[in-house]
Amino acid sequence: MQAWPQDPVTMDDIRIGVLLPIVQAQWGDGSDPRGLLDLAAGLEVLGFDSLWVNDSLLSPRVEALTMLAAAAPVTRRVTLGTATLLPVLRRPLQAAQALASVDLLSGGRLVVAVGAGFPARFGRPLYDLSEVSWPRRFARLDETVALWRHLWSNPGATSFHGSFLSFDHIPPTTQAYRRGGPPVWLGGATPAALARIARRYDGWLPYPPLPADYRAGLEGIRRAAAAAGRVADTLTPGLFVSVLIAESVERARQSLQDYSRATYGVSLEELETIQAVIAGPQEHVLARLRDYLDAGARHVVCRLGTTDLASQHEQAQLLAELLSALRRPPDGEENPVTLPAEAP
């Protein structure tokens, strides 16, 4: 597990991943979704460190864990992750089995980032569809993760009793590739979420609109970890960011405008008040990503803001050209970082 950065900032532990476009509106009408497997394999060849999927019931898509299970045999090296998984959509014991199965099939490459659902129309309906109450959803999420870890850490476990979940006579359960199971990260940036990450989770995967917000959140986790007597360098600081590379900021923003409306039904301007978004030429994207790295991010998950598979491949190529530059420390004003002549 990656260590949190110490001052001065070093870039040796930077990881860059890509979110697979499993939503039908993102892979494109008329496209064969099996092309997602070609994209997954190609992203590994391009040098990315991880592949991720998101989770919902509110739009047609390839189910998240099904996608990761399919990606496992066509990749060998990359981390496979959820950004983020919504445990409320699955029965807790079944989810433990499914996650352990993906970890087994991938040879221990799974990272599970979880969330309790975004407020309002992107979150509350999921609880209604799952027939689970909305109040105390964060405590329920924590307990679900505690159940998973209990089963993954104790192969002979036959019972579990909490405030929400209670089981007697649990049959033998599928064990993950790694004893104790895959690392579990948490999204969210409220003070309560930061405190829970510091006490209970293995990493943080937020999407703050500004690097300063990220820095403040990371400092909050460090303070809470110290207060809880936990060593901060056992947690991974991740970042989820939407990226679109084009010849100009204006052209990139127009493409992301189309993506935002197709995916969320909101304008790009509204999306930018909620999530980290970077759009423009490669030099601009590199500079903005570096701002987040300087703020402490170490595993960056990039969502490529296009609505067809062909464009996903093109954007992946452009982003791959930045990988070596991102992993080098800034040279300072006298020796500015330049982009590599070719993709690595």
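Guide: In this predicted model, a nonpolar patch on the surface is formed by Leu57, Leu58 and Leu129, which together have about 290 Å² of accessible area. Leu57 sits in the loop that runs between strand S2 (50-53) and helix H3 (64-71).

The largest pocket holds about 1,200 Å³ of space. Its lining has 46 residues, and those closest to the centre are Thr84, Gly117, Phe118, Tyr207 and Gln275. Two or more lining residues come from each of helix H1 (24-27), strand S3 (79-85), helix H6 (137-153), helix H7 (191-200), helix H9 (249-264) and helix H10 (268-272). H9 gives the largest share, three residues. By class, the lining of the largest pocket consists of 26 nonpolar, twelve polar and eight charged residues.

The second largest pocket has about 310 Å³ of space. Of the 17 residues that line this pocket, Leu244, Ile245, Ser255, Thr306 and Gln315 lie nearest its centre. At least two lining residues each are supplied by strand S9 (236-245), H9 and helix H12 (309-320). The lining of the second largest pocket divides into five nonpolar, seven polar and five charged residues.

Across the whole structure, a search finds one cavity of 30 Å³ or more. The volume of the largest cavity is about 30 Å³. Its lining is made of Leu19, Pro21, Gln26, Tyr259, Arg303, Leu304, Thr306 and Gln312, that is, four nonpolar, three polar and one charged residues. Thr306 belongs to this lining and is also among the residues nearest the centre of the second largest pocket.

How values were computed:
Residues are numbered from 1 along each chain as its sequence is written. This is a predicted model: local features need pLDDT of at least 70, side-chain atom pairs count only at pLDDT 80 or more; totals for chains, interfaces and linings use all residues. Side-chain values use heavy atoms; hydrogens and water are left out. Patches are made of residues with over 30% relative accessible area and no salt bridge: like charges are joined within 9 Å, nonpolar side chains (Val, Leu, Ile, Met, Phe, Trp, Tyr) within 5 Å. Accessible areas come from the Shrake-Rupley method with a 1.4 Å probe; for residues, only the protein chains shown count as cover. A salt bridge is a side-chain nitrogen of Lys or Arg within 4 Å of a carboxyl oxygen of Asp or Glu. Helices (H or I, at least four residues) and strands (E, at least two) are DSSP runs, numbered from the N terminus. On a 1 Å grid over the protein atoms alone, a cavity is a set of points where a 1.4 Å probe fits but cannot get out, and a pocket is an open set with protein on both sides within 12 Å along at least five of seven lines; lining residues have an atom within 4 Å of a point. Grid points are joined across faces, edges and corners, and a volume is the space filled by probe spheres set on the points. Ala, Val, Leu, Ile, Met, Phe, Trp, Tyr, Cys and Pro count as nonpolar, Asp, Glu, Lys and Arg as charged, and the others, Gly among them, as polar.
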